[in-house]
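User: Please show me how to read a few features of this structure, beginning with the general idea each time.

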Amino acid sequence: MSDFAIITLLIVALFAILGSGVWIGLTLSGVAWIGMELFSSRPAGDAMSVTIWGSASSWTLTALPLFIWMGEILFRTRLSESMFKGLAPWVANLPGRLLHTNVVGCTIFAAVSGSSAATCATIGKMTLPELSRRGYPDHITIGSLAGAGTLGLLIPPSIIMIVYGVTADVSIAKLFAAGIFPGILLAGLFAGYLGIWALLHPDQVPRPDTPSGLMEKLHESRHLIPVVLLIGAVLGSIYAGIATATEAAAVGVVGSLILSGAQGSLNWATFKESLLGATRLYCMIGLILSGAAFLTLAMGYIGLPRHLAEWVASLGLTPFWLMVALAIFYILLGCFLDGISMVVLTMGVILPTVQAAGFDLIWFGIFLVIVVEMAQITPPVGFNLFVLQGMTGREISWIAKVTMPFFLLMCAAVLLLWLFPGIATWLPGHM
């Protein structure tokens with residue numbers, strides 16, 4: 001059977017099993033089983049048991065449930081309310097005024113959450129009612145929140161960076177460092193767009209509240225101290241070489257428990273809810289990773305990654321056009337799969353091609369995260385769109401429409417990353 005026929009059969013099997021409602025992790029294992037049984041001489045059961053155990057017992061992966069738990073703990077604190085109080089006086093005089101609280105709030109919370117959906121939901125619960133009450137148009141407040149919410153994937157600690165680091169065998173600490181400047185760049189592009197929009201539509205921007213002096217702004221900034229200290233402890237310990245990503249995740253959990261206790265929101269009920277929420281989410285991700293590891297092994301035995309890499313090489317694509325092709329591929333894939341599934345499902349096939357083209361794997365990881373971010377706001381399976389639909393009651397198509405400018409800004413960020421790769425590679429190169 002030809003490679004094309006094998007790929008077609010496995011893709012049909014993948015979507016058929018997914019369409020029947022089977023969990024993604026089990027679907028990946030099922031497709032891998034079919035591939036091993038039909039096109040490989042190795043016993044599928046033996047391969048599956050060895051691979052899934054090796055994937056589930058990876059020490060590097062320990063950072064993932066800890067960062068998820070940290071985000072769950074903080075999700076149940078008054079952190080978001082405190083951030084709004086601390087940020088609002090500083091952005092009141094900028095073009096766009098309080099619209100910037102979406103961008104700045106998501107940027108800050110992304111650095112302690114690691115999840116795009118958690119960032120979007122947490123900041124949205126705080127800013128959307130407040131901005132609506134003050135008269136800001138729904139289309140720009142919801143659009144900016146959907147776009148800025150994706151920063152939860154890029155600004156470290158990022159769950160999807162951990163997943164990529166494990167599957168691509170790349171230093172997670174260096175990936176975290178590589179995401180800082182691109183995250184700031186993307187936040188700057190979003191803030192710049194909001195400023196330009198406000199200058200072009202001054203009649204739609206409400207008047208500022210009573211202006212506050214420098215001392216009042218500094219006084220309100222005290223609300224930002226806890227989250228800034230937590231971010232500094234997590235990222236500072238990694239960048240200084242004091243802790244690995246896993247140890248820094250443990251620091252984050254302890255810090256978030258202390259922060260939650262100091263705010264008075266830590267009790268047995270919230271502790272139990274955060275632990276169960278983190279366990280549920282990690283079990284889902286762990287099952288997906290285990291299934292993807294088995295699928296990657298099956299693809300290797302069948303020889304598809306090598307054949308695909310040879311086929312892409314035969315097309316004679318320059319590295320730039322290969323990047324464009326991969327961006328389009330992941331955006332289309334994001335219409336059907338969530339970000340983590342996209343990464344683990346494709347790494348076994350894509351990595352040989354990327355390495356053959358000479359891409360730096362740290363740079364490629366950041367490129368991949370930005371493209372997956374773009375998929376978070378593309379229908380029909382855009383997770384941030386689902387979150388906002390649940391919060392606002394608006395149609396997905398309307399939310400996708402008002403988010404389109406921020407999708408285009410992400411395209412511009414990918415182009416800037418290509419033209420100036422040092423944006424991603426400079427900081428990890430100096431760790």
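The dialogue below takes up a helix, a residue within another helix, and aromatic rings.

Analyst: This is a predicted model, in which local features need pLDDT of at least 70, side-chain atom pairs count only at pLDDT 80 or more, and totals for chains, interfaces and linings use all residues. Residues are numbered from 1 along each chain as its sequence is written, and side-chain values use heavy atoms, with hydrogens and water left out.

User: What span does helix H12 reach from its first C-alpha to its last?

Analyst: Helices are DSSP runs (H or I, at least four residues), numbered from the N terminus. The expected span is 1.5 Å times one less than the number of residues. H12 (residues 180-200) has 21 residues and reaches 31 Å, close to the 30 Å expected.

User: Is Ala146 buried or exposed?

Analyst: Buried means under 20% relative accessible area, exposed over 50%, and partly exposed in between (1.4 Å probe, protein chains only). Ala146, in helix H8 (residues 138-149), is buried at 0%. Contact means heavy atoms within 4.5 Å; leaving aside neighbours within four places in sequence, Ala146 is in contact with Ile377, Asn384, Leu388 and Thr403.

User: How many aromatic pairs does the structure hold?

Analyst: Rings of Phe, Tyr and Trp (its six-membered ring) pair if their centres lie within 6.5 Å; planes under 30 degrees apart count as stacked, over 60 as edge-to-face and the rest as tilted. The structure holds 15 such pairs. One of them, Phe181 with Trp426, is stacked, at 6.3 Å centre to centre and 25° between the planes. Phe181 lies in H12 and Trp426 in H23 (residues 422-429), so the pair ties together parts 245 residues apart in sequence.

Key:
Helices (H or I, at least four residues) and strands (E, at least two) are DSSP runs, numbered from the N terminus.
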